[in-house]
Amino acid sequence: MMQSLQKLGKALMGAVAVMPVAAILMGIGYWIDPDGWGANNIVAAVLIKAGGAVLDNLGWLFAIAIAFGLAKDSNGAAALSGFIGYGTIKLILSEGTVAVFKGVDLEKLEGDAAVQWASQGWGAINDKNVLIGILVGILAAWVYNRFHTTKLPDFLAFFSGRRLVPILTSLFAIVLAAILYFLWPLVYHALFSFGQSIESMGALGAGLYGFANRLLIPTGLHHALNSIFWFDVIGINDIGDFLGGSKTLEAAAAATDAASCPGTWANGVCNVIGEVGRYQGGFFPIMMFGLPGAALAMWMRADTKRKKTIGSLMMAGALASFFTGVTEPLEFAFMFVAPLLYLVHAVLTGISVAIAAAFHWTAGFGFSAGFVDMLLSARNPVANQWWMLLVLGVVFFVLYFVIFYFLIGLLNLKTPGRGDDEEEGPSAITSDSEFSAIAEKIIAGLGGAANIESVDYCATRLRTVVKDNVPVKEKDIKATGVAGVIRPSQKSVQVIVGPQVQFVYDEVARQLEQSSVSLKGEQEV
């Protein structure tokens, strides 16, 4: 079960990975024309519309990415099947089509009848429905994995194998549409109510989300949690609405009830300023300031003879966290050797997110909560008092430094550079590292090529599946300078490399290209 959820989270990130494109395009567009949102400048209009091409089609993107990501060999036929499946569901269950099925004249609906119809959620089955995209992606991947080797009689041989998959997906999508025809109103109502309950908790709900987000990092399941709050799965869609900027403001102005409000509905008014972005803003103080403060504390607590080595490791991690929001190199430096510190980190993250939400300080991101995304979101019309997140960040820098420095010394925690379990401590992997030697040692640490089934990589991790977990030597792998090694399951081994992961993978793939190892490339986790 855990491995299946991890695979789903991995596939989800195939769609999430394109969000930075939308963030950059729309961010620059809003910088150019912060008042007219493209009305006063053609370049700004083009950039904002180009970013909207991603945000306005998230349902399609998730269907395609999940189908491709869950397919056994990541074949294009699976992605095509996801596209066809989503198109089938969208057209069959569109509001207009369902109205015809039910004999409802949408133009004549008014009053209680209109409210009752809206509560069924048929209007939510559109180009942006992430939940439908996830369901279709899983269906398309199952069809591909089950039928892509199917052989048909000679007179139908042209449609055998992978060509058969999109055809069958279309048929199965019709069956899924028939099921959803009866279940969707119930599912929509339940999900919408859940979303409303989370939002009704206000800052506390946002803080609980921030806490859970960090706790799930070691398992990789934080991606699944993020999709609930960041995308339009249960009606929250925090990233989409924030990056939507002007469209979100227009939707808020036109909203007539809670169901049509992209923010919070109170006293007959849809509020988005200071509301949209509440599940993102509080991460900026942690990633830009808090974790660098922890890095400083760990460096200062390192043994004297190891300070230089640990200093380079901590500096690389701190810079990555501050500028890009990539936190894993730092988090995995203490996650397993000092789990108490990681629990403190999760609690502080929840507090930061709750404080930002309580004071309505909002900013958003397309990739992660680093300086680059902060800069791009600063002139987004939905951003609210984003500069206060920098002030809050200074506070959290101090908190992280003081708490980490105190606990490491008081409890003698074995953070990097402390204790006698390593002779010299690992060096950070940088652009100047000798990747061929690193790759060779990682392969050996995994038990050799004969013990490796598959290898892929994401933004920071080299992900492997081994045949036998016994020959795996974590200490040898860590000695290469990687940030850490985790084992989500018995045969899954993930090596936390950091921003240089692509170059490590490329060298690993080169050394394994003559073997039977499945080399899957970037999987956008």
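Author: Helices here are DSSP runs of H or I with at least four residues, strands are runs of E with at least two, and both are numbered from the N terminus. The model is a predicted one, in which local features need pLDDT of at least 70 and side-chain atom pairs count only at pLDDT 80 or more, while totals for chains, interfaces and linings use all residues. Residues are numbered from 1 along each chain as its sequence is written, and side-chain values rest on heavy atoms, with hydrogens and water left out.

The part to examine is the pairing of two helices. Helix α14 spans residues 283-300 and helix α19 spans residues 387-411; their axes (lines fitted to C-alpha atoms over the stretch in contact, with angles from 0 to 180 degrees between N-to-C directions) come within 7 Å and cross at roughly 30 degrees. Because of that angle, α14 counts as roughly parallel to α19 (angles under 35 degrees are roughly parallel, over 145 roughly antiparallel, 65 to 115 roughly perpendicular, and the rest oblique). The residues of this contact divide into 23 nonpolar, three polar and no charged; Ala, Val, Leu, Ile, Met, Phe, Trp, Tyr, Cys and Pro count as nonpolar, Asp, Glu, Lys and Arg as charged, and the others, Gly among them, as polar.

Over residues 282-302 the chain is 86% helix and 0% strand, and the C-alpha atoms at the ends lie 29 Å apart. For residues 309-326 the chain is 89% helix and 0% strand, with 21 Å between the end C-alpha atoms.

Gln 385 lies in the loop between α18 (371-377) and α19. The phi of Gln 385 is near 50 degrees, a positive value in a residue other than glycine. Most residues other than glycine have a negative phi. Gln 385 is partly exposed, at a relative accessible area of 33% (under 20% is buried, over 50% exposed, and in between partly exposed, with a 1.4 Å probe and protein chains only). Asn 237, in the loop between α11 (222-230) and α12 (238-244), likewise has a positive phi, near 55 degrees. Asn 237, however, is buried, with a relative accessible area of 11%.

Strand β3 (residues 452-457) has five of its six residues buried. Five bridges join β3 to the antiparallel strand β4 (residues 461-466), and Asp 456 has Arg 463 as its bridge partner in β4. Three residues separate β3 and β4, which form a hairpin. On the β7 side (residues 518-522), four bridges join β3 to that strand in parallel. Ser 454 stands opposite Ser 518 there, and the bridge partner of Tyr 457 is Glu 522.

Conventions
Two strands pair if DSSP finds at least two bridges between them.
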